[in-house]
Amino acid sequence: MPVYALACPNCGHEYCGMVLEGTRPPPVWECSECGSDQVVLKPGAPVLAHPWEQRDYHSACLCCAPKAKSGLSM
Ligand SMILES: [Zn+2]
């Protein structure tokens, strides 16, 4: 899942937009602050991998880490 660095020329808000795996980046990004559709990819900004895809982060991810056995005997 690539994460794009985005910048809104309207209000100056900068944020990251994540593209879900298997989907394309939308043709227009909408600013999460002011709702402007003039948001552009920050020039020169690298496309980052989502932190969940990094190995170090994986063990800290509560939803992905294997859950400890609760002691139930099924
Ligand atoms: Zn904005």
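Trainee: What should I know about the model before I start?
Mentor: It is predicted: local features need pLDDT of at least 70, side-chain atom pairs count only at pLDDT 80 or more, and totals for chains, interfaces and linings use all residues. Residues are numbered from 1 along each chain as its sequence is written.

Trainee: How many helices and strands does the protein chain have?
Mentor: One helix and four strands. Helices (H or I, at least four residues) and strands (E, at least two) are DSSP runs, numbered from the N terminus. The order from the N terminus is β-β-β-β-α.

Trainee: How do β1 and β2 pair?
Mentor: Antiparallel, over five bridges. Strands pair if DSSP finds at least two bridges between them. β1 covers residues 2-7 and β2 covers residues 14-18.

Trainee: Which residue in β2 is the bridge partner of L6?
Mentor: Y15.

Trainee: And what's in the turn?
Mentor: Six residues separate β1 and β2 in this hairpin. G12 in the turn has a positive phi of about 85°.

Trainee: New topic. Where does V3 lie?
Mentor: In strand β1.

Trainee: Why is V3 partly exposed?
Mentor: Because 17 other C-beta atoms lie within 10 Å of V3. Buried takes 20 or more, exposed 12 or fewer, and partly exposed is in between, with C-beta atoms placed from the backbone.

Trainee: Which residues is V3 in contact with?
Mentor: Beyond its neighbours within four places in sequence, C16, M18, V47, L48 and H50. Contact means C-beta atoms, placed from the backbone, within 7 Å. V3 and V47 are 44 residues apart in sequence, yet 5.7 Å apart C-alpha to C-alpha.

Terms used: Contact = placed C-beta atoms within 7 Å.
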